[in-house]
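These are my notebook entries on one structure. I set down what I looked up, entry by entry.

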Amino acid sequence: MIPLPRFPQLSEFIAQSLGLYFPPERLDDLQRGLAGATQEFGFDDPAVCIDWLLSASPTKAQINTLASHLTIGETYFFRDNPTLDAVAASVIPELIRARQGRDQRLHFWSAGCCTGEEPYSLAILLHRALPDLRDWRVTISGTDINPRFLKKALAGTYSEWSFRNAPPWLKQQYFNRTADGRFAIIPEIKKLVTFSQLNLVDD
């Protein structure tokens, strides 16, 4: 358990180090994440782990470890449909019109990309909007602080859970079924997205 008197200091440390906000109403979330980090750091008592975090100036690698326990991987393909509909209907066509026949380059940044479903969703929208995609230089940069999420994003292979609420054509047109029953994104889409680790607080 997190000693309540230490909560404000710990919450501030996490906000400054990771850019993650844990107000008092998210105490339970913080306790669950810290429990896993405590074990990975080699401590038996979360209170001892907190004292160490607040006094030892953790390394970047240790901060990344903490991030891997405190970030929540809640995402799926075409997750925010109203936003993506607006991007597909207004943003992408306007960008294409502004660059077509001239500087045919498009670059997007997906910050906090988690396990990759969101930048891959954007890549699929661009693929559908650009029949002459090969004549364009399209790059999508996906960044996240959690190295475990990025490892999955780089693999580009997903279970059924990542397709909840996704349109029915998505798996049929843009994924190949794997031997273990998962779905691997097709190379034509995968090559549009690059992934790298980024802590928005530090960088």
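**Entries on sheets, helices and cores**

I worked from a predicted model, in which local features need pLDDT of at least 70, side-chain atom pairs count only at pLDDT 80 or more, and totals for chains, interfaces and linings use all residues. Residues are numbered from 1 along each chain as its sequence is written, and side-chain values use heavy atoms, with hydrogens and water left out.

Two strands pair if DSSP finds at least two bridges between them. E4 and E5 (residues 183-185) are paired in the antiparallel sense over three bridges. I then looked up the strand order and found an open sheet of three strands, E3-E5-E4, with antiparallel pairing. E3 (157-158) and E4 (175-177) are at the edges with a single partner strand each, so one side of each is left without a neighbour in the sheet.

*E1 and E2.* I noted that these strands pair in the parallel sense over seven bridges. Ser110 stands opposite Gly142 in E2. Six of the eight residues of E2 are buried (under 20% relative accessible area, with exposed over 50% and partly exposed in between; 1.4 Å probe, protein chains only).

Which residues have the most contacts inside the largest one? They are Phe77, Leu170 and Phe175, in a core of 35 residues. Among the elements that give two or more residues to this core are H5 (81-99), E1 (105-111), E2 (137-144) and H8 (169-174). H6 gives the most, with six residues. I also recorded a second, separate core of 20 residues, which includes Leu27, Leu53, Leu70 and Ile145.

*Leu170.* Contact means heavy atoms within 4.5 Å. Leaving aside neighbours within four places in sequence, I find Leu170 in contact with Phe77, Phe78, Ile124, Phe163 and Phe175.

*Helix pair.* H1 (residues 7-18) and H2 (residues 27-40) pack at an angle of about 70 degrees, with their axes 12 Å apart. The axes are lines fitted to C-alpha atoms, for helices over the stretch in contact, and angles run from 0 to 180 degrees between N-to-C directions. I note that Phe7, Leu10 and Ile14 in H1 meet Leu27, Leu30 and Leu34 in H2.

Definitions and conventions. Helix = DSSP H or I, 4+ residues; strand = E, 2+ residues; numbered from the N terminus. Core = buried A, V, L, I, M, F, W, Y, C linked by side-chain atoms within 4.5 Å.
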